[in-house]
Amino acid sequence: MTTKLVGVLGGTGPAATAYFLKRLVDFTDAQRDQDHVRAIVHNDTATPDRTDYLLGKSDVSPLPYLAADARLLEQCGCEFLAMPCNTAHGLFDSVQAAVSIPVIHMVNETMNYCRERGFSQVGVLATEGTVATDLFGMAGRFCGVDVAYPPREGQVEVDRIIYDAVKAGRPVAPSELGPLSSMMAEAGCDAIILGCTELSAAFGEDRSASVLPAVDPLDVLVVRTIQAAGATVKPGALL
């Protein structure tokens, strides 16, 4: 069986894009090469910083890059798109409007998954841009799941991991997730969301230090991508 062709709006950032592709392979129930999802990846690292733009720190919009990349992937024959960057979903409607093929909404899909899991309040660890636009909070209100964000000292630590470690190519110890999850547990959360794909790259394969269940939107996006492509998801891939 030939799967549908997915276009990946990548490069935001590159480590997260590479991790998305790894998970796409890991989560597909395949016995041979031909069982895997066909994909074209545009790793456009020139895309301006999404957080700086959304916070008004920069007037250089990433939207022209994201829209042009989406159109290019559509012209290459892609049948739907995946965008493994949570913060970029602050521009989702405009990216979707730039093409005639569907774009999977990672944030909405994640909050729907949290509802299915029975979580009542989730703590979102994300960039300041994602927090400021309340992407997860807006999606949560549609599906009945409350969202909380870290206090200032917690946000500073999240930003450090994202920008000073992962984006800078420095290692992150799995234990660094522990204090952040404890902080959100004290706030009454019953789960946390790794709401930046740099956090997916840092903690996605080892969330053992978390005192709460840790939901990774990148994993949710991977599963929805496999399903949309018509391939088979490996049993137990998304816990």
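**Ser210 and its surroundings**

Not counting residues up to four places away in sequence, Ser210 touches Leu177, Ser181 and Ile192, where a contact means heavy atoms within 4.5 Å. Before I continue, please note that this is a predicted model, in which local features need pLDDT of at least 70, side-chain atom pairs count only at pLDDT 80 or more, and totals for chains, interfaces and linings use all residues. Residues are numbered from 1 along each chain as its sequence is written, and side-chain values use heavy atoms, with hydrogens and water left out.

Where does Ser210 lie? Ser210 is in the loop between α10 (197–203) and β7 (214–215). Helices (H or I, at least four residues) and strands (E, at least two) are DSSP runs, numbered from the N terminus. With a relative accessible area of 12%, Ser210 is buried; buried means under 20% relative accessible area, exposed over 50%, and partly exposed in between, with a 1.4 Å probe and protein chains only. A polar atom of the Ser210 side chain lies 2.6 Å from the backbone oxygen of Leu212.

Gly13 is buried, its relative accessible area being 3%. Leaving aside neighbours within four places in sequence, Gly13 is in contact with Arg50, Lys167 and Glu198. Gly13 and Ala229 are 216 residues apart in sequence, and their C-alpha atoms are 23 Å apart in space.

Is Gly144 buried or exposed? Gly144 is exposed, with a relative accessible area of 60%. Gly144 is found in the loop between α7 (135–143) and β5 (146–148). Its C-alpha atom is separated by 19 Å from that of Ala214, 70 residues away along the chain.

**The chain as a whole**

The secondary structure comes to 11 helices and seven strands. The radius of gyration of the chain is 17 Å, close to the 18 Å that the globule rule gives for 239 residues, so the chain is as compact as a globular protein of that length. That radius is taken over C-alpha atoms, and the rule is 2.2 Å times the number of residues to the power 0.38. Along its principal axes, the C-alpha trace spans about 50 × 45 × 35 Å.

Buried residues make up 51% of the 239 residues. Finally, among contacts between residues at least 6 apart in sequence, 74% join residues at least 24 apart.

Technical notes
Polar contact = N/O pair within 3.5 Å; in protein donor to acceptor, adjacent residues only side chain to side chain.
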